[in-house]
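These entries record what I looked up in the structure shown below.

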Amino acid sequence: MVNHSLYTVQAVVVLDSDGARLLAKYYSRRPSAQGHKSLKEQKKFESELFSKTRKSSSEVILLDGQTVLFKYINDVYFYLVGASDENELLLSSVLNGLVEAISALLKHNVDKRNLLDNLDMVVLALDETIDDGIALETDPNAIASNVSKRGVDTLDVSLANLNEQTLLDAYKQAKERFNLALLR
């Protein structure tokens, strides 16, 4: 049976070298999707995923009737889960685009510490790549560019507001202290 759905991705999971969750996003819009609704089910699935892939030399496995593609970089495992009838080349291009974009955003220093320190950019990259299980973008340069633009604009605006607010607060506080000193 050929899959003609836009909902190609069922989950994206990022685990550390001990199998602990760093990031996980599950999508269940597709009617045939095997749901991992509860946290307990998700943790069990992730544990099985890690135990089956930690010593595997392959990049593609079948687990619980699902196609799982993964990449291991330094001490981080990146997993992309799709249906068993999903096109592996499409899933591979989505995973490669996401991982390469994250690598570029982290200045090619992908490890657990750096990933956690920049989790906001990693989540934005994931959201630019996949939305509700639909693969939106596979070009790592486009993904990284969109995240960089979004992150810089948001950061500049929030810092400007913070600086203006801090200066205004400092001015008010100094004015109040000056007035109190005059009254004494």
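I looked up β1 (residues 11-16) and found it mostly covered, six of its six residues being buried. Buried denotes under 20% relative accessible area, exposed over 50% and partly exposed in between (1.4 Å probe, protein chains only). Strands (E, at least two residues) and helices (H or I, at least four) are DSSP runs numbered from the N terminus.

The model is predicted: local features need pLDDT of at least 70, side-chain atom pairs count only at pLDDT 80 or more, and totals for chains, interfaces and linings use all residues. Residues are numbered from 1 along each chain as its sequence is written, and side-chain values use heavy atoms, with hydrogens and water left out.

I then checked pairing, for which DSSP must find at least two bridges between two strands. β1 runs antiparallel to β2 (residues 21-26), with five bridges; Ala11 has Tyr26 as its bridge partner in β2. β1 also pairs with β5 in the antiparallel sense over six bridges, where Leu15 is partnered by Tyr77.

**Aromatic rings**

I counted rings of Phe, Tyr and Trp (its six-membered ring) as paired if their centres lie within 6.5 Å; planes under 30 degrees apart are stacked, over 60 edge-to-face and the rest tilted. This rule gives four aromatic pairs. Phe50 and Tyr77 are edge-to-face, at 5.3 Å centre to centre and 90 degrees between the planes. Because Phe50 lies in helix α1 (residues 39-53) and Tyr77 in strand β5 (residues 76-83), this pair ties together parts 27 residues apart in sequence. Both Phe50 and Tyr77 are buried.
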